[in-house]
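The following exercises concern the reading of a protein model from its coordinates.

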Amino acid sequence: MSALIEVAKSSELKDGSMKKAKIQGHEILLAKVGGKYYAVDNKCPHFGADLSEGKLEGTSIVCPRHRSKFDLRDGRVIQWTNWSGIKLNLAKVFRQPRPLKTYSVKEEGDRILVDIR
Ligand code: FES
């Protein structure tokens, strides 16, 4: 079953930009890259930072807190924190790398809809 919810109007987002949206208890990050929309959880799976305050790098989002990097297309972890050596190994033991949850996005006229299933 689909649960399509409007999160923005297409005029709200320029290419290469993003916005945070709260819908039915979910905090979503909506980004537009190369004319395509991507929606993921807005909370970093590392320690919950607000990803909408991070940096968009192509189809990747970089967390503002410890610089973990995720692919918006499938949520996969590209980099788990910007730590290295023993600090990174310990970080992986206590907080194993976890992908971002992704949501499918649909455009209907000027409405951007996200399926929050
Ligand atoms: S909270 Fe995002 S990398 Fe640590």
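The exercises begin with the chain and then turn to single residues and pairs.

This is a predicted model, in which local features need pLDDT of at least 70 and side-chain atom pairs count only at pLDDT 80 or more, while totals for chains, interfaces and linings use all residues. Residues are numbered from 1 along each chain as its sequence is written, and side-chain values use heavy atoms, with hydrogens and water left out.

**Exercise 1. The chain**

Task: Determine the secondary structure of the chain and compare its radius of gyration with the globule rule.

Solution. Step 1: Assign helices (H or I, at least four residues) and strands (E, at least two) as DSSP runs, numbered from the N terminus.

Step 1: Along its principal axes, the C-alpha trace spans about 50 × 30 × 20 Å.

Step 2: Apply the burial classes: buried means under 20% relative accessible area, exposed over 50%, and partly exposed in between (1.4 Å probe, protein chains only). Buried residues make up 39% of the 117 residues.

Step 3: Count contacts, meaning heavy atoms within 4.5 Å. Of the contacts with a separation of 6 or more, 41% are between residues 24 or more positions apart.

**Exercise 2. Asn42**

Task: Locate Asn42, decide whether Asn42 is buried or exposed, and identify the partners of its side chain.

Solution. Step 1: Asn42 belongs to the loop between β4 (36–41) and β5 (55–57). With a relative accessible area of 1%, Asn42 is buried.

Step 1: Search for polar contacts (pairs of N or O atoms within 3.5 Å; within protein, one must be able to donate a hydrogen and the other to accept it, and residues adjacent in sequence count only if both atoms are side-chain atoms). The Asn42 side chain reaches the backbone nitrogen of Ser52 at 2.9 Å, and a polar contact of 2.9 Å joins it to the side chain of Glu27.

Step 2: Leaving aside residues up to four places away in sequence, Asn42 touches Lys20, Glu27, Ile28, Leu29, Ala49, Asp50, Leu51 and Ser52. Lys20 is 22 residues from Asn42 along the chain, and their C-alpha atoms are separated by 7.0 Å.

**Exercise 3. Ser68**

Task: Is Ser68 buried or exposed, and which residues does Ser68 touch?

Solution. Step 1: Ser68 sits in the loop between β6 (60–62) and β7. Its relative accessible area is 1%, so Ser68 is buried.

Step 1: Beyond four places in sequence, the residues touched by Ser68 are His46, Ile61, Val62, Cys63, Gln79, Trp80 and Thr81.

**Exercise 4. Salt bridges**

Task: Find how many salt bridges the whole structure holds, and examine the pair Lys69 and Glu57, the pair Asp71 and Arg73, and the pair Arg111 and Glu108.

Solution. Step 1: A salt bridge requires a side-chain nitrogen of Lys or Arg within 4 Å of a carboxyl oxygen of Asp or Glu. The search finds 13.

Step 1: Lys69 and Glu57 meet at 3.0 Å, N to O. Lys69 lies in strand β7 (residues 69–71) and Glu57 in strand β5, so the pair ties together parts that are 12 residues apart in sequence. Lys69, at 22% relative accessibility, is partly exposed, as is Glu57 at 32%.

Step 2: In the salt bridge of Asp71 with Arg73, the closest N and O atoms are 2.7 Å apart. Asp71 is buried at 2% relative accessibility, whereas Arg73 is exposed at 52%.

Step 3: For Arg111 and Glu108, the closest N and O atoms are 3.5 Å apart. Salt bridges with shared partners join Glu6, Lys9, Lys106, Glu108 and Arg111 into one network.

Notes
The radius of gyration is taken over C-alpha atoms; the globule rule is 2.2 Å times the number of residues to the power 0.38.
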